[in-house]
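Student: I would like to learn how to read pockets, helices and strands in a protein model; could you take me through them slowly?

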Amino acid sequence: MGRSNELFERSQQLIPGGVNSPVRAFRAVGGTPVFFREGRGSRVVDEDGREYIDYVGSWGPLILGHAHPEVVEAVASAARQGLSFGAPTARELEMAEVLTGSMPSMEQVRLVSSGTEAVMSAIRLARGYTGRAVIVKFEGCYHGHSDFLLVKAGSGALTFGNPTSAGVPAELASHTLVLDYNDPQQAEDAFSRHGKDIAAVVLEAVAGNMNFVRPSDEFIHTLRRLCTKHGAVLLFDEVMTGFRVGPRGAQGIFGVSPDLTTLGKVIGGGMPVGAFGGRREIMQKLAPVGPVYQAGTLSGNPVAVAAGLATLRRVLEPGFFDRLGAATAKLVQGLESEARAAGVPFSGASLGGMFGIFFRKELPASFAQVMQSDREAFNRFFHAMLERGVYLAPSAFEAGFVSAAHSEADIAATLAAARAAFASARG
Ligand code: PMP
């Protein structure tokens with residue numbers, strides 16, 4: 001850790017908190033963030049040359065593992081042909097074909113450069129399409145850092161929200177209604193009170209920013225029905241789950257068709273790509289054909305799109321998710337049985353290559369329940385795993401990711417480390 005410590009000291013002088021995105025700073029778990037020098041397959045190597053089995057995968061994009069040779073080659077060869085044109089390219093069309101071909105609810109799609117941008121643009125589009133202002137979101141879901149989504153619940157369940165960040169004017173938060181995840185009755189009540197003003201309901205179709213919370217069938221079908229009935233746009237934020245939980249995202253698994261979908265992470269294979277798309281009638285409201293403005297100098301960047309296409313080519317091969325899902329389930333089941341043997345209250349779940357682990361006995365269904373897990377135990381477990389060469393997300397509220405590069409031996413080594421780490425988690 002010597003060099004990470006030294007680099008972190010220096011970084012803090014020049015970069016706020018020493019990091020370019022807050023969760024990287026290890027504030028939740030304590031200690032010094034690890035600075036990485038390289039990654040290969042399932043492994044990352046820090047600045048001191050220590051190797052770790054990585055379950056963060058750059059927070060989701062690296063579903064094939066680090067520096068997959070085909071992705072690296074696609075990037076190198078695209079770069080040789082030019083880094084950016086700011087004009088249409090055949091590769092963007094190919095990406096649009098792959099995305100719309102995989103996700104039937106997406107009749108048209110537009111590329112952007114991050115998940116934040118995808119959701120921000122999709123919300124503007126939903127507002128432009130409906131001519132309404134109100135956005136419904138759910139506590140514990142994260143949709144990027146645009147102003148009107150950095151909002152927590154107001155004083156009552158059906159009152160408008162308050163900003164969670166300084167710098168967000170209260171007026172912007174006042175168009176956002178924050179409800180409880182997995183509470184269909186509350187959604188019914190919100191629509192009966194505000195239905196004619198609601199432009200969109202936005203949700204993570206599996207919530208990965210409060211660790212890992214699945215929607216109930218009743219919840220997700222109620223939202224579909226309410227949006228249809230009241231003429232609101234149902235927006236699935238699949239930035240994390242798209243091409244991560246299955247080839248058609250969470251919507252393919254739950255059998256619900258949203259009006260708009262946002263994508264990011266895996267579709268860029270580790271490069272900056274986001275996308276939003278959905279029903280043609282809605283997408284036709286976008287400039288230059290419609291009145292809703294949206295643009296980007298580097299949107300559809302040829303090098304970034306090449307990385308995404310090379311990644312999706314592998315991800316869409318038959319059997320990919322059977323293998324990935326089995327490896328991920330094996331990891332989670334193994335962790336559960338090690339925790340049981342150590343007498344640690346613990347639960348875990350997974351879908352495709354995404355998983356959640358909780359230091360509480362039962363799987364949570366809402367943000368309030370997630371908050372009841374033992375964060376101190378997680379933090380001790382996190383550091384004990386890190387010492388043993390396993391890199392987990394440095395927060396009890398983040399989902400974990402397994403890649404196609406994680407071998408049986410990696411999973412076995414992780415479970416061996418967990419055996420010792422659970423003993424420390426017990427405190
Ligand atoms: N939506 C979801 C569901 C996400 O998980 C994230 C990022 N973790 C975002 C949006 C924002 O994406 P980005 O960080 O690429 O802006």
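Tutor: Helix α3 (90–102) and strand β4 (108–112) each supply at least two residues of the lining of the second largest pocket. This is a predicted model, in which local features need pLDDT of at least 70 and side-chain atom pairs 80 or more, while totals for chains, interfaces and linings use all residues. Residues are numbered from 1 along each chain, and side-chain values use heavy atoms, without hydrogens or water.

Student: Which residues lie nearest the centre of the second largest pocket?

Tutor: A pocket is an open set of points on a 1 Å grid where a 1.4 Å probe fits, with protein on both sides within 12 Å along at least five of seven lines, and lining residues have an atom within 4 Å of a point. Here 28 residues line the pocket, and E92, V109, R110, L111 and Q294 lie nearest its centre, while β4 gives the largest share of the lining, 4 residues.

Student: Which residues of α1 are buried, and which are exposed?

Tutor: Helices (DSSP runs of H or I, at least four residues) and strands (E, at least two) are numbered from the N terminus; buried means under 20% relative accessible area and exposed over 50% (1.4 Å probe). In α1, S4, L7, F8 and S11 are buried. They cover an arc of only 105 degrees around the axis, so they sit on the same side of α1, whereas R10 and Q13, on the other side, are exposed.

Student: How many bridges pair β2 with β3?

Tutor: Strands pair if DSSP finds at least two bridges; β2 (43–46) and β3 (51–54) have 3, in the antiparallel sense, with V44 opposite Y52. Strand β3 also runs parallel to β15 (390–391), joined by 2 bridges, where D54 partners Y391.

Conventions
The arc is that of the directions from the helix axis to the C-beta atoms.
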